[in-house]
Amino acid sequence: MTTPSVLFVCVHNAGRSQMAAGWLRHLAGDAVEVRSAGSEPADRINPVAVEAMREVGIDIAGQAPARLTWDTAEASDVIVTMGCGDACPVFPGKRYEDWKLTDPAGQPLDVVRQVRDEIGAKVAALVADLRRD
């Protein structure tokens, strides 16, 4: 069986999608190929998101926002979008999930913690679902 690949997409690839990728690497290890990208990537990862993830033992400080490419999307089995609207590509035959999440940009740490925990729960459910496939 091939390793499934999951692509997390948001606008800036600096908060939600990076936290989701961090959770997936943490929960699934090498069992899933993890990718994240943004339609308009920021210069750097949201430092409050880095701090919130560090609190649960997940280090995303070394990650960098990346631009979403057609090749990356096409090569992914599951595409999880988080508020990228029309900028998210659609490929026939791909599994899509759209997660409605608060954008952590400019939010205080207590709000980012809530977003982190919501993403963690969604990623855990996704991992369980991928293990059933």
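Predicted model: local features only at pLDDT ≥ 70, side-chain atom pairs only at ≥ 80, totals over all residues.
**Ground rules.** I number residues from 1 along each chain as its sequence is written. Local features need pLDDT of at least 70 and side-chain atom pairs pLDDT 80 or more, while totals for chains, interfaces and linings use all residues, and side-chain values use heavy atoms, without hydrogens or water.

Helices here are DSSP runs (H or I, at least four residues), numbered from the N terminus. Axes are lines fitted to C-alpha atoms over the stretch in contact, with angles from 0 to 180 degrees between N-to-C directions. In contact (heavy atoms within 4.5 Å) I found, among others, Trp23 and Leu27 of helix 1 and Ile119 and Val123 of helix 4. By class, the contact residues are 12 nonpolar, one polar and three charged. Nonpolar means Ala, Val, Leu, Ile, Met, Phe, Trp, Tyr, Cys and Pro; charged means Asp, Glu, Lys and Arg; the others, Gly among them, are polar.

**Helix 2 and helix 4.** Next, I saw the axes of helix 2 (residues 47-55) and helix 4 (residues 109-132) come within 9 Å and cross at roughly 60°. That makes helix 2 oblique to helix 4. Here the contact residues divide into six nonpolar, no polar and four charged. Val48 and Met53 are among those from helix 2, and Leu109 and Arg113 among those from helix 4.

How values were computed:
Helix = DSSP H or I, 4+ residues; strand = E, 2+ residues; numbered from the N terminus. Parallel < 35°, antiparallel > 145°, perpendicular 65-115°, else oblique.
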